[in-house]
Amino acid sequence: IRPQGDQEHVRNALLNFLGKLSDGNGIPDPTQGWNLTSYPCKDNWVGIKCDAHFTVKRINLDHGNFSGIFDPSTLCSVHSLAASLTIISLNENTLRGANIDELAKCNQITGFHIGGNQFSGSIPEAFARLNNLKRLDISRNSFSGVLPDLARISGLTEFSAQENQLSGTIPNFDFPNFNTFNVTVNKFSGPIPRGGDLFDASCYSDNPDLCGAPLTNRCTSLPSNSSGGNTSKKGLSNDQILMYSGYFLVGLVVVLLIIFWVCKNKKAKEESYDPVNKVVAINDDSSLNASVVSSEYKSVVNKSGVSVASAESGPVSASLVVLTSPEVNGLKFDELLKAPAELLGRGKHGSVYKVICQDQGMTLAVKRIKDWGISSSDFRQRMQRLDQVKHPNVLPAVAFYCSKQEKLLVYEYQPNGSVFKLLHGTQLNQVFDWGSRLGVAATIAEALAFMHEQLQEDGIAHGNLKSSNILLNKNMEPCISEYVVLRPLLDKLLSIRDENYV
Ligand SMILES: Nc1ncnc2c1ncn2[C@@H]1O[C@H](COP(=O)(O)OP(=O)(O)OP(=O)(O)O)[C@@H](O)[C@H]1O
């Protein structure tokens, strides 16, 4: 049995509800209850059905001659009523509606019957939240607009909506569950959903734009969603659309993660690329073909991101540095390094490769220096200092690469061999008489004197002057090559002495 206070609340709510329903006139016959001197369950108000605990379960005021307003908020905002009411039946009155969406608060409702009234406007979305609804009768009113997705209410077995002005598509109801279905005389359009043919064509008649079984007019195209129907073009419910969108988003995230992972790995691989090993491999196996050599050089350039630069660009840490040289200005260095290469020879201090750049019409000689005990910064400083000192008989480096383990020097290729080859007769058809030899010696001595004078303060000497490092340029002029490749012998002796002393 409900406490007195609660019953008073319920009584007040019902009287409020009736007041609006009857437009303030109440129930004409006082013997029917509905007054402040009695209680709805205890005194058996007309139209009220309660259970054994005096809880209001049903309100049935069909044919009550009511012409006011049905406002569900008067009932459903009272917690105990909202939790107990299962049926509201107001058929065959002349009622209009207000706050109809508030009915969703009475979520125990299993039957809502307002057939034969004057309700108008659209059916609120909130109706689709009446999860316990089994029977819905909104027939013979003036409802318009599209239906909410009532197909979400899984237990629905009766839907009577005939003689309204409803439009849009018919929700994808679970027709096999239904025992009553009627949407005649409306403005529904599109195909009758799957299973809808369980009901006769008479249940669909007078909807000119409806098509498909059980109607005789066939659907010619996919249903249009422009009228705002609650199903998608392919008959997907909102839930399904939401679900597929979720799958799509998860898929997208996975794909993006994979792309991110692949890119990261690629970058890590590029960063961990060690040109030394490749060069060593070439050095260890002279039968390796030229393209291997060139690809190694290419990766050096790619890694550094440096192409031909002017002298002002200066050194780039652990990367290829292009020094000034009129011959290579404007030449793209990566293109140059893509070119085929061939091993020219191995000396005591490293190997030299001939690299042919056909596009630019240039041929270069690249020397990889082996085991040179000099720091990268020292090497870089020497190269840059040397670049400032020019002599026509000293072959300038056009570029260098410098990392902790690796040092490369790039020169213009000199086509006429070395003084060593002239002296030892390996070059045929070359006459190297004493006059020419003295001329070469004088030229080299002069060039050397110039370099020593210029670089005196820097303490930079050639350190490895010999006939194989005196090359003959295209004019058969002798040029000192590989200046600065080695520290001067004196430096070496001093460092050996220091090491022993320590
Ligand atoms: N710029 C160049 N143009 C043409 N040939 C070159 C050039 N630089 C070097 N060479 C040739 O490449 C070959 C190998 O040179 P490399 O300097 O490695 O040998 P090396 O002088 O005998 O030894 P090292 O200088 O290491 O003591 C030599 O025959 C040399 O004349």
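Reader: What are the ground rules for numbering and confidence here?
Author: Residues are counted from 1 along each chain as its sequence is written. The model is predicted, with local features needing pLDDT of at least 70 and side-chain atom pairs pLDDT 80 or more, while totals for chains, interfaces and linings use all residues.

Reader: Why is lysine 367 called buried?
Author: Buried means that 20 or more other C-beta atoms lie within 10 Å of the residue's own; 12 or fewer is exposed, in between is partly exposed, and C-beta atoms are placed from the backbone. Lysine 367 has 22 C-beta neighbours inside 10 Å, so it counts as buried.

Reader: What is lysine 367 in contact with, leaving aside neighbours within four places in sequence?
Author: Contact means C-beta atoms, placed from the backbone, within 7 Å. On that basis lysine 367 touches Gly350, Val352, Leu408, Leu409 and Glu482. Lysine 367 sits in strand β18, residues 362-369; a strand is a DSSP run of E with at least two residues, a helix one of H or I with at least four, both numbered from the N terminus. An unreviewed UniProt entry puts a "binding site" at Lys367, though such annotations may be inferred rather than shown by experiment, with positions in the numbering used here and feature names shortened.

Reader: What makes β9 and β11 a pair?
Author: Pairing takes at least two DSSP bridges between two strands. Three bridges join β9 (residues 142-146) to β11 (residues 165-168), running parallel. Serine 144, for one, has glutamine 165 in β11 as its bridge partner.

Reader: Where is confidence lowest, and where is it highest?
Author: pLDDT is the predictor's per-residue confidence, from 0 to 100. The lowest is helix α5 (residues 275-284), at a mean of 30, and the highest is strand β6 (residues 111-113), at 97. Residues 270-319 fall below 50, yet that stretch has 72 contacts in the model beyond near neighbours in sequence. Residues 496-502 are also below 50, with zero such contacts.

How values were computed. Contact = placed C-beta atoms within 7 Å.
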